[in-house]
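Here's a quick briefing to read alongside the sequence and the 3D view. Take a look at the picture, then work through the points below.

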Amino acid sequence: MMWDTLRRYVRGLWNGRFILAYTLLVSLSLFIITPFLLILVKSLGKEWFGYRWLPPKVTLDWYKWAFEIARVPEVMKNTLIIAALAILMSTTIGICSGWAFGRRHLPGKEALMSIVLLPRMIPPITYALGVAQIFYALKLVDTHFGVALAHVSICAPFAILVLSSTFQSLDDRVLEAAGVCGASPVRTFFHVTLPMIMPGILSSMIFTFSTSYNELTLTLMTYGPDTITLPVRTYLAVGLGYWEVTSAMSVILVIPSFLILILIQRRVAPEKLLGGFKGL
Amino acid sequence: MIELQNVTKRYGSLVANDCVNLQIWRGELLTLLGPSGCGKTTALRCITGHQRPDEGRVFIDGQDVTDVPTYRRELGMVFQNFALFPHMTVYQNVEFPLMIRSLAREKRREMVRDALRLIRMEGLEGRYPRQLSGGQQQRVGLARALVYRPKVLLLDEPLSNLDAKLREEMRFEIRELVSQLRMTAVYVTHDQSEALALSDRVAIMNAGRLQQVGTPREIYEQPANLFIAGFIGLSDFFEGQVVAVEGDRAQVAVRGLELAVPARAGMSSGQPVTLFIRPNDVVLMDESADAAENAFQGRVDKVTYLGDIVDYRVLLANDLELRVQTDGRKLYSPGSSIQVCLPAERCHVLAQ
């Protein structure tokens, strides 16, 4: 059976259009993957000064360096704590706003939604300085809560968008049916409403995690020695010139996102995460 | 069994239910029929408890339930868009009302199996609603509504989302189920043929008011007013004036032609009346046929062949246009001259 598909594949390849299509696809894939491959190889190589395709020696020294000297575990801990706080705040905001946007008639709803999306439309660097000034005044710099709060400005818009779509598609009649079947409002919530909105909430949480985890600009403006996140650490290492260690840290940075993507791609189509909401 | 007493419900300045008084007997299937916006769904939602009447009371089985929330009213309801729980299987959907009532697992299983057998969907317990067709989803909705044998079954346009052929089949299934289980049922629809086919009694509503309540035959043959006559079945309407009343017959002048119609109590000479006749009660005869009571000369204007019936537009001598439907055994072509007979007993008089 495998030979059949292989034969069909090869036969297809000989068709001119397919050759062009495949060439383009392969080129695109290489274009996207090559930087990662480069970093992966660099993080594992010793004495590789760029005049060969592959490094002469393979080593895990750089990873050891990252763990012991760059204190990656502690940095990872910071990153995850901040992400967790950002998720908590964004999801709460998202649920409350999403409920209003999705189920109530609000005057000027479109205008409000545009304002909500504004932080994603403009580069964070433009307002990061302002955020930093306010945080200094409020003594929020170098606190996990402070950095998370800064992240919320870019995480909450997505949460609101996803959750308003979720709540909008929540069918009232189904909830009424639960009531007719004898379920009190509380029981209706736990047995019917919650399971129905859970995919939307999870989707919003994943999006928020990803955004907070990868955020550099806002973190740079609000961090301190106690709240170094992985993106910040990597950025600083680049500035110091330790390319190999930086590569190792980048690989470590990528792994959680990669894992999550693999885990969820069966349940939630990644295309849905990036767009295709009602109203967008 | 169910009673709406002086129920009035307003949405802002719109009066959705205006002093509705309705009684539904135990074991009967009553249909609330009317055009969109007539208030039938509002009336149903007052019974279920999803709406609270601004005035009036609602009684179920002798108890005043106006202040009782929906989930305590022991009802079963079938929705137009099925409203199945999308995250539960067929089995779990049907089991839900029993689970809420904390019945023992074995008892639940038995009752769910019974319900699934009634709707003929054994073997599909593990499917999710998104894997079912429209008809199947609606049957599951029925099973879920009936599984704990509620006092009353309510159906809110349950067949509107199904295609025409399926609608007819499901009509009989629902009727059978309700009779078999001896349930009291309230059915809401805007489809008058559905109402006539299904119901023990029909309650017609228009603009928030109850127009008439009666058996399908009563509604069809003795509509109480102009609206009902026009809404149920097809009608040809005439305005005229009573010329004379003799015994059980009255002569009515309609644009120059005189019609003999059954006399109603209180008819007097000179009184303006509205008559109507059903298009399929009008008889078409050859021009040369013997004269009969209420037979007039006319000309065929348009003919529409519909297979089992033929629809004619006929013009009478006084420029009166009539819609006539016959069984098609004898076809008249457009432009031909014919005699149009309106049998006196089939002419109905409405009070003006």
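A crossing of two helices is called left-handed if the near helix is turned anticlockwise from the far one by less than a right angle, and right-handed if clockwise. What you have here is a predicted model, where local features need pLDDT of at least 70, side-chain atom pairs count only at pLDDT 80 or more, and totals for chains, interfaces and linings use all residues. Residues are numbered from 1 along each chain as its sequence is written, while chains are lettered from A and ligands numbered from 1 in the order in which they are written.

**A helix pair in chain A**
- α8(A) passes α9(A) in a right-handed crossing.
- On the α8(A) side, the contact (C-beta atoms, placed from the backbone, within 7 Å) uses V174(A), L175(A), A178(A) and G179(A).
- On the α9(A) side, T188(A), H191(A), V192(A) and T193(A) take part.

**A buried helix in chain B**
- Helix α1 (residues 40-48) of chain B has nine of its nine residues buried, so it is largely enclosed by the rest of the structure.

**Where the chains meet**
- Chain B puts 18 residues in contact with 15 residues of chain A.

**Confidence**
- The predictor gives the complex an ipTM of 0.78 and a pTM of 0.75.
- Chain B averages a pLDDT (the predictor's confidence in each residue, from 0 to 100) of 87.

Key: Contact = placed C-beta atoms within 7 Å. Buried ≥ 20, exposed ≤ 12 C-beta atoms within 10 Å, placed from the backbone. Helix = DSSP H or I, 4+ residues; strand = E, 2+ residues; numbered from the N terminus.
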